[in-house]
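Colleague: Hi! Could you walk me through this one?

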Amino acid sequence: MEYVDVKFLNQISPFEWFVDENGNAAVKINVKSHLIEVFKKHKNDGFECCGYDWCTIIMLYINEKMKKDLLSFDYDPDNENVIIISKNQVALKEFSLNFRKDYDNTHLIESLMSQVDYRL
């Protein structure tokens, strides 16, 4: 099991990190009101600023930035959160650190949003 120190937890805050008794790691991201203005701007494209929207954005992010680890993660979105789960703690730590740095990057998030077509 990978050791997680306080410095790492501070670096990914406000994301929350968990490890279960089997060594599976999870990062929980509360997304309900994050970048709400960006989501309002894209409401007509089908975005609502919920965990399901963010899950799609996160999968695109991982596909672009960490393609080799794409299949290492499972996703559990709900209305307010996204939880990313993995047996590969190293890859999940890397994702958590990188995505936390990009989490407030409006330009990047909108670029990822532009790749999604919710309209059928």
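Modeller: Happy to; we can start with the sheet and then turn to a helix. Keep in mind that this is a predicted model.

Colleague: Great. In what order do the strands of the sheet come?

Modeller: The order is 1-2-4-3, in an open sheet of 4 strands with antiparallel pairing. Strand 1 (16-19) and strand 3 (74-77) are the edge strands, each pairing on one side only. From one strand to the next, the twist averages 20°.

Colleague: And how many bridges join strand 2 to strand 4?

Modeller: There are 6 bridges between strand 2 (residues 25-30) and strand 4 (residues 81-86). As one example of facing residues, A26 stands opposite I85 in strand 4.

Colleague: Which strands does helix 3 touch?

Modeller: Helix 3 (residues 51-65) packs on the sheet and touches strand 2, strand 3 and strand 4. Its direction makes about 160° with that of strand 3.

Colleague: What about helix 4, which strands does that one touch?

Modeller: Helix 4 (residues 89-102) also packs on the sheet, touching strand 1, strand 2 and strand 4. The direction of helix 4 makes about 20° with that of strand 2.

Colleague: Let's stay there. Which residues of helix 4 are buried?

Modeller: Among them are L92, F95, S96 and F99. In general, an α-helix has 3.6 residues a turn, so residues three or four places apart point the same way.

Colleague: Nice! What covers the buried residues of helix 4?

Modeller: The cover includes helix 1 (6-12) and helix 5 (106-113), along with helix 3 and strands 1, 2 and 4.

Colleague: Last one: what caps the N-terminal end of helix 4?

Modeller: That is N88, with a side-chain oxygen 3.3 Å from the backbone nitrogen of V90.

How values were computed
Residues are numbered from 1 along each chain as its sequence is written. This is a predicted model: local features need pLDDT of at least 70, side-chain atom pairs count only at pLDDT 80 or more; totals for chains, interfaces and linings use all residues. Side-chain values use heavy atoms; hydrogens and water are left out. Two strands pair if DSSP finds at least two bridges between them. Helices (H or I, at least four residues) and strands (E, at least two) are DSSP runs, numbered from the N terminus. Axes are lines fitted to C-alpha atoms, for helices over the stretch in contact, and angles run from 0 to 180 degrees between N-to-C directions. Contact means heavy atoms within 4.5 Å. Buried means under 20% relative accessible area, exposed over 50%, partly exposed in between (1.4 Å probe, protein chains only). A polar contact is a pair of N or O atoms within 3.5 Å; within protein, one must be able to donate a hydrogen and the other to accept it, and residues adjacent in sequence count only if both atoms are side-chain atoms.
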